[in-house]
Amino acid sequence: MSQIAMRELARQMVERAQAKGANQSEAYGLDSKELSIDVSKGIVETMKLAEDRGIGIRVFQNGKMGYSFTSDLSETALEATVDRALANARWNAEDRFRGLPGKAEAYPEVNTHDPAIAGIPVERKIELAKTIEATAKAVDPRIKIIERSSYSDAEYRVTIINSQGVDAAYQGAYCGGYAYLVAEENGESQTGFSLSYGLSFDGIDPQKIGKEAAEKALRMLGAKPLSSRRAPVVFDPYVATQFLGILAPSLTAEAVQKGKSLFAGKKGQKIAAAEVTIIDDGRMEGRILSAPFDGEGVPTSRTVLIDQGSLEAFLHNTYTAAKEGAASTGNGSRGSFRGTPEVGTTNFYLQAGERPPDELIGEIESGFYVTEVMGMHTANPISGDFSVGAAGLLIEQGRLTRPVRGVAIAGNLLDWLTGIDGVGSDLTFFIGKGAPTLRAKEMAISGA
């Protein structure tokens with residue numbers, strides 16, 4: 001299915017819906033291919049190529065919205081899909097804030113597509129996954145099991161047309177590698193992982209992925225609990241990003257309007273340390289979740305949500321913006337033609353500071369460097385309370401010393417944000433979210 005053909009089909013669906021009585025209508029087309037390769041012991045264990053394409057249509061009729069989708073692009077199926085959307089609208093409740101965005105003046109120029117990825121022979125992609133595995137094994141004989149060494153890539157085309165003048169499309173592609181492994185010694189097992197995803201094949205460093213995963217597992221061998229204490233806690237970028245992942249839904253206007261946000265009623269207030277600036281940037285250069293427009297055809301934007309500790313904004317799609325009398329921030333999130341747009345993040349991150357991580361750790365006489373948390377999903381995004389298992393390394397006299405496991409850290413996310421007294425310079429992204437090393441001045445650590 002060419003982009004032109006998908007665009008023409010989307011246009012026809014909108015015209016059909018309008019002709020059948022819709023007040024407004026929108027067709028969203030997606031055409032994608034995904035390749036994944038897993039290797040084990042130097043040979044390909046699995047290789048999958050999945051293709052997905054289809055169109056979803058939203059219609060609005062007398063304040064009611066209906067939705068339907070199809071992956072059958074025959075004329076008969078498209079006609080039936082329009083009819084289902086119109087029928088669904090009749091059963092939905094009226095909501096005067098439902099509607100579609102108008103035509104944008106311009107879209108930002110965002111580099112989302114490297115056509116070279118699709119042209120690289122599959123043999124080179126297999127070799128990349130093999131190199132990750134071989135590098136990890138070569139780091140140390142205690143690396144006993146490579147649970148997963150993989151390469152994956154995706155190429156997609158997004159098309160959106162609505163009755164209000166939106167008529168746009170773009171192509172995207174990304175690729176990356178991943179390792180997950182086990183180190184063993186004296187009957188003890190510890191795991192390690194690493195990943196790297198980007199917009200170009202040459203940007204993936206398989207040796208770095210394998211080496212990093214192995215070193216993460218090895219440094220945890222011999223881990224023991226700590227005694228309970230209150231002490232400074234340093235979060236490595238991966239763990240800091242997991243905390244951000246819990247905060248992200250609370251920074252959407254959807255959560256605020258439903259009374260499910262930790263930050264409701266706090267706009268304009270200081271809710272974090274001055275070192276903390278959190279941004280969502282849908283047009284960030286070089287990131288795989290960047291795009292010229294969101295899932296509704298609204299131009300993406302850079303939104304500073306928390307600026308030097310002050311809560312400045314929430315993320316909006318067209319619906320939440322209309323409800324609040326605001327403008328959409330271009331965060332109508334839509335991963336497939338099978339669903340309607342929600343409010344979601346794009347490239348969501350805590351801005352880097354200027355201090356190297358070693359410097360943040362070097363100032364601590366006795367503390368805890370957290371490299372892994374367990375049970376982060378149990379944190380309450382409304383109250384902000386959390387209690388999670390943690391593992392990492394003991395900090396003594398400004399240095400990382402022995403591995404630690406079997407402890408818990410607990411607190412409240414608002415206290416966590418206000419307690420940050422150091423932000424590292426090492427901003428690291430994990431797909432669509434990123435954070436640098438963060439240091440909390442003091443937290444409760446429950447140990448042995």
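Q: Where does Gln24 lie?
A: Gln24 lies in strand 1, which covers residues 24–40. A strand here is a DSSP run of E with at least two residues; a helix is a run of H or I with at least four. Both kinds are numbered from the N terminus.

Q: What kind of model am I reading?
A: This is a predicted model: local features need pLDDT of at least 70, side-chain atom pairs count only at pLDDT 80 or more, and totals for chains, interfaces and linings use all residues. Residues are numbered from 1 along each chain as its sequence is written, and side-chain values use heavy atoms, with hydrogens and water left out.

Q: Which residues is Gln24 in contact with, leaving aside its neighbours within four places in sequence?
A: Start with the term. Contact means heavy atoms within 4.5 Å. With those neighbours left aside, Gln24 is in contact with Gln18, Arg58, Val59, Phe60, Gly99, Leu100, Ser163 and Gln164.

Q: Which backbone nitrogen lies 2.9 Å from a polar atom of the Gln24 side chain?
A: That of Leu100. This is a polar contact: a pair of N or O atoms within 3.5 Å. Within protein, one atom must be able to donate a hydrogen and the other to accept it. Residues adjacent in sequence count only if both atoms are side-chain atoms.

Q: How do I read a sheet, and in what order do its six strands come?
A: Strands of a sheet pair through backbone hydrogen bonds, either parallel or antiparallel. Two strands count as paired if DSSP finds at least two bridges between them. Here six strands form an open sheet in the order 3-2-1-4-5-6, with antiparallel pairing. Its edge strands are strand 3 (64–70) and strand 6, each pairing on one side only. From one strand to the next, the twist averages 20°. Axes are lines fitted to C-alpha atoms, for helices over the stretch in contact, and angles run from 0 to 180 degrees between N-to-C directions.

Q: How many bridges pair strand 1 with strand 2?
A: Strand 1 and strand 2 (residues 43–61) pair over 17 bridges, in the antiparallel sense. Within this pair, Ser36 stands opposite Lys48 in strand 2. Helix 2 (residues 75–91) packs on the sheet and touches strand 2 and strand 3. The direction of helix 2 makes about 150° with that of strand 3.

Q: How do I check the span of a helix, taking helix 5?
A: The expected span is 1.5 Å times one less than the number of residues. Helix 5 (residues 206–218) has 13 residues, so it should span 18 Å. Its end C-alpha atoms are 19 Å apart, which agrees. At the start of helix 5, a side-chain oxygen of Asp205 reaches to within 3.2 Å of the backbone nitrogen of Gln207.

Q: Which residues of helix 5 are buried?
A: Buried means under 20% relative accessible area; exposed means over 50%, and partly exposed is in between (1.4 Å probe, protein chains only). In helix 5 the buried residues are Pro206, Ile209, Gly210, Ala213, Ala214, Lys216, Ala217 and Leu218. Their cover includes helix 4 (122–139), strand 4 (143–162), strand 5 (167–185) and strand 6 (188–198).

Q: Why is helix 6 called largely enclosed?
A: Eight of the 11 residues of helix 6 (residues 237–247) are buried, so the rest of the structure largely encloses it. Among them are Pro237, Phe243 and Leu247. Asp236 caps the N-terminal end of helix 6, with a side-chain oxygen 3.1 Å from the backbone nitrogen of Tyr238.

Q: What joins strand 15 to strand 16?
A: 10 bridges join strand 15 (residues 385–396) to strand 16 (residues 399–412), and the two run antiparallel. Ser387 has Ala410 in strand 16 as its bridge partner. The two strands form a hairpin with two residues between them. In the turn, Gln397 has a positive phi of about 50°.
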